[in-house]
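Here is a short note to read alongside the model. Keep the structure open and find each residue as we come to it.

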Amino acid sequence: NGTLNASGTATNPVRFTSASTIPSAGDWRGISLGAGATANLSNCVIEYGGHDLDDVMGGSGEIVVNNCVFRDNGGASTIRGGTYTSVTYSTFERNNFHKYYAVVTDINVLRRNVFQDNCEVVYGANYNGQGYIVKLGNGSSPVWSQWHERSATSGRPLLSENLFTNN
């Protein structure tokens with residue numbers, strides 16, 4: 001339980017990063033939220049996390065991310081959603097995950113984000129027993145499976161106005 005509020009500015013972001021002098025993906029585990037916990041991140045940089053198959057950020061609580069940068073991470077996913085997860089106006093770059101995992105997983109709202117130079121699978125989800133995936137083919141064209149633009153209120157994710165380049 002508890003709340004993580006990390007609110008930086010565009011010129012002075014809150015940084016979650018490695019303590020290594022030569023940082024690399026997976027240097028630290030990530031941010032884990034327990035039942036009933038919440039996280040509100042705004043103007044943050046999250047880098048070099050995701051040790052082994054850990055998520056860089058995840059848990060069973062509520063997660064709201066706005067104007068953040070997730071870069072050079074490894075592990076399972078950058079963000080694995082909780083009870084409700086919204087990610088807006090954020091950048092995901094150079095994240096490379098285990099081949100069966102995605103950059104973001106189980107997100108309710110994924111809107112106006114930039115995904116560049118990441119692993120092949122950008123989004124994965126499991127809603128009502130049905131799997132959904134956004135997998136990028138050659139270049140920047142997303143290949144959708146089962147859905148793309150859906151309403152978050154319908155129980156399926158809202159994914160809109162995201163930019164995918166060189167994934």
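1. Let's begin with a term: a salt bridge is a side-chain nitrogen of Lys or Arg within 4 Å of a carboxyl oxygen of Asp or Glu. Please bear in mind that this is a predicted model. A search of the whole structure turns up three salt bridges.

2. Take D72 and R94 to start with: their side chains form a salt bridge, 2.9 Å from N to O. This pair links distant parts of the chain, 22 residues apart, with D72 in the loop between β8 and β9 and R94 in the loop between β11 and β12. D72 has a relative accessible area of 15%, so it is buried. R94, at 41%, is partly exposed.

3. Now look at E47, in strand β5, and R15, in strand β2, which lie 32 residues apart. Their side chains meet in a salt bridge of 3.5 Å, N to O. E47 counts as buried because its relative accessibility is 8%, while R15 counts as partly exposed at 45%.

4. E47 has another partner, R71, at 2.9 Å from N to O. R71 sits in strand β8, 24 residues from E47, and both residues are buried. Through shared partners, salt bridges join R15, E47 and R71 into one network.

5. Finally, the nonpolar side. Which members of the largest nonpolar core touch the most other members? They are L41, I46, V65 and I79, out of 28 residues. Strands β3, β4, β5 and β7 each supply at least two residues of this core. Beyond its close sequence neighbours, within four places, L41 is in contact with residues including L4, F16, I46, M57 and V65.

How values were computed:
Residues are numbered from 1 along each chain as its sequence is written. This is a predicted model: local features need pLDDT of at least 70, side-chain atom pairs count only at pLDDT 80 or more; totals for chains, interfaces and linings use all residues. Side-chain values use heavy atoms; hydrogens and water are left out. A nonpolar core is a set of buried Ala, Val, Leu, Ile, Met, Phe, Trp, Tyr and Cys residues joined through side-chain atoms within 4.5 Å. Buried means under 20% relative accessible area, exposed over 50%, partly exposed in between (1.4 Å probe, protein chains only). Helices (H or I, at least four residues) and strands (E, at least two) are DSSP runs, numbered from the N terminus. Contact means heavy atoms within 4.5 Å.
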